[in-house]
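This report covers charged and nonpolar surface patches, salt bridges and aromatic pairs. The sequence and model are shown first.

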Amino acid sequence: MLLTTAAAAALMSAALPATEVEVVQTAPQAAPPLSGQSPAQSAAPSAPAQPITFRPLNYDDDWSRFRDPAARTTPWSQIKYIPVGGDAWLSLGGEARWRAEYRGNERFGRGLQDNDGDLQQRLRLWGDLHLGSSVRIFAEVQDGRTTGLDSGEPVVEENRTDLHQAFIETGHQVSDGALKLRVGRQEFAVGMSRIFEPREGSNARTGFDMARVMYDRPTGWSGGLFAGYALREGKASFDDATNFDYRIYGGTLSRRLGTGPSAPRLEFLYANTDRLGLAFDTGVAGRDDRDTFAVRLDGRSALWDYDVEGVIQRGDYRGLDIEAWYVSGVVGRTFDHRWAPRVALRIDAASGDEDRTDGVQGTYNQLYVPPISLRTDFGVSNLISIQPQLTFRPLPKTTVGVLTAGLWRQSKEDGVYLLSGLPLRAGTEGDSAFVGWRYAGFVTYAVNPFWSVAGVVNYTDAGDFLKESGTAEDQSYVGLIVTTKF
């Protein structure tokens, strides 16, 4: 599975949803300081007053600056703001992404394998209708197809034409903040997306059928509430439906602890997830009713940046008490050099079920997790990862990154999990804690504000635990990604 996300100022996030580099496409501009989780800098060096920037969540794009007809001087700007009568206007946008890849020894040699590579295509088209200043209707169609993947085509790789997003939103000014109510199918991400991420790296992004209340202030506390359901996705066209067996609700709260963009940001998240049919490595499925509490702090100080998050989970899993946790943190330093080199260290650790007989379920439920390192089969449950990273920008539009990651089991009784949450290996298949060592690199090139090219390579040495399981081929991956947005 290929999952990543990116902050608006980053080209790639090695922390996020398996495998790919996401180029944030902008017009040339000065690279801003990095967020704590991103291992790469933004791609271009000098800045026009209003650069063309595509946000990671497309409904966050704001093209109201083209309200003035004198600003709509190109065919592209003319479709970003189409007057439709009175003060109503329509904005159209889309994305096409092609990915050629080779997957060597998927799941470290267990199960079906693909020996000759595959080609993926993701097409998206959306419209954003603004009925005055307080009502908008947003809709998106997505089509994801995969050719030649002999190891199987799960729904994240093959999900043909479907209504991916469709919501109505109202907005009002309340005191010094903006209050929004949004109802319908929509993508959902919080903070640096360690818990909820729209599955950018996969061939088909995902969303939720939910209602959200959001209140955003320039200073002081901002936050919101959300409630809804995950999707029951299918491979055929227009067959995605509400998954009433997977309910979610919760809230967020955040503020900057100071003034200016470098001031630390403190974020809180609470989410209750109630899911039927969830199975960990015991193979016994049951109902998982879980409360997730998360606290995140990120900020910058001079050339240093940091991002840390802690998560606690409590609840009930088929009669067992849930006691699970996850911590993730990265600290980095960008050097004052024309290549803008940045070195960083990222550490992740998540709980596992160290005693299967104690009446407690200790495995962390990773929910909609990004990957633990670039191009990986691994989810974060029951893993410890130590990951040094280096990125630099040798040319104004080019970013290069290299990283390595050591992976260990937190508990020798619990298994190792895929990004989907399914077990990669059961805990009973070996006694060693050492899972493997990964070496990875990427290159991104922002051709212009609308086109980008990225390459990803990695190699993972299978560790003692995988070798004890009986099937432990070293894993490799090569991917070339071409993306255009408009």
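## Surface patches, salt bridges and aromatic pairs

The model is a predicted one: local features require pLDDT of at least 70, side-chain atom pairs count only at pLDDT 80 or more, and totals for chains, interfaces and linings use all residues. Residues are numbered from 1 along each chain as its sequence is written, and side-chain values use heavy atoms, with hydrogens and water left out.

The protein's secondary structure amounts to 2 helices and 22 strands; here helices (H or I, at least four residues) and strands (E, at least two) are DSSP runs numbered from the N terminus. Of its 486 residues, 53% count as buried. Buried means under 20% relative accessible area, exposed over 50%, and partly exposed in between (1.4 Å probe, protein chains only). The protein exposes about 18900 Å², of which carbon and sulfur atoms supply 60%. Accessible areas come from the Shrake-Rupley method with a 1.4 Å probe, and for residues only the protein chains shown count as cover.

**Patches**

The negative patch on the surface gathers Asp 316, Asp 321, Glu 323, Glu 354, Asp 355, Asp 358, Glu 413, Asp 431, Asp 464 and Glu 468. Patches consist of residues with over 30% relative accessible area and no salt bridge, with like charges joined within 9 Å and nonpolar side chains (Val, Leu, Ile, Met, Phe, Trp, Tyr) joined within 5 Å. Lys and Arg count as positive and Asp and Glu as negative, while His and the chain ends are not counted. The place of a charge is taken as NZ of Lys, CZ of Arg, CG of Asp or CD of Glu. Glu 468 lies in helix H2 and, at 40% relative accessibility, counts as partly exposed.

A nonpolar surface patch of about 690 Å² is made by Leu 131, Ile 137, Ile 168, Val 174, Leu 179, Leu 181, Val 183, Val 213 and Leu 225. Strand S5 (159–174) and S6 each supply at least two residues of the nonpolar patch, and S6 gives the most, with 3 residues. Ile 137 sits in strand S4 (residues 135–147); its relative accessibility of 35% makes Ile 137 partly exposed.

**Salt bridges**

Side chains of opposite charge can pair when their charged atoms come close. The criterion for a salt bridge is a side-chain nitrogen of Lys or Arg within 4 Å of a carboxyl oxygen of Asp or Glu. Over the whole structure, 36 salt bridges are found. Three of them are listed below.

| Pair | N to O distance |
|---|---|
| Arg 110 and Glu 429 | 2.8 Å |
| Arg 136 and Asp 128 | 2.7 Å |
| Asp 289 and Arg 287 | 4.0 Å |

Asp 289 is partly exposed at 25% relative accessible area, and Arg 287 is partly exposed at 42%. Salt bridges with shared partners join Glu 95, Arg 97, Arg 122, Arg 124, Glu 140, Glu 187, Glu 200 and Arg 205 into one network.

Which of the categories, buried or exposed, applies to Arg 136? Arg 136 is buried, with a relative accessible area of 7%.

The salt bridge between Arg 110 and Glu 429 links distant parts of the chain: Arg 110 is in the loop between S2 and S3, and Glu 429 is in the loop between strand S19 (423–425) and strand S20 (434–446), 319 residues apart. Arg 110 is partly exposed at 28%, and Glu 429 is partly exposed at 23%.

**Aromatic pairs**

A pair of aromatic rings is described by the distance of the centres and the angle of the planes. Rings of Phe, Tyr and Trp (its six-membered ring) pair if their centres lie within 6.5 Å; planes under 30 degrees apart count as stacked, over 60 as edge-to-face and the rest as tilted. By this rule there are 31 aromatic pairs. Phe 108 and Phe 378 form a tilted pair, with 5.7 Å centre to centre and 35° between the planes. This pair links distant parts of the chain, with Phe 108 in the loop between strand S2 (88–104) and strand S3 (118–131) and Phe 378 in the loop between strand S15 (360–361) and strand S16 (383–395), 270 residues apart. Phe 108 is buried at 0% relative accessible area, and Phe 378 is buried at 1%.

The rings of Phe 188 and Phe 208 have centres 6.1 Å apart and planes at 90°, so the pair is edge-to-face. Phe 188 is in the loop between strand S6 (177–186) and strand S7 (208–216), and Phe 208 is in strand S7, 20 residues apart. Both Phe 188 and Phe 208 are buried. One aromatic cluster is formed by Phe 188, Phe 196, Phe 208, Phe 226, Tyr 246 and Tyr 368.
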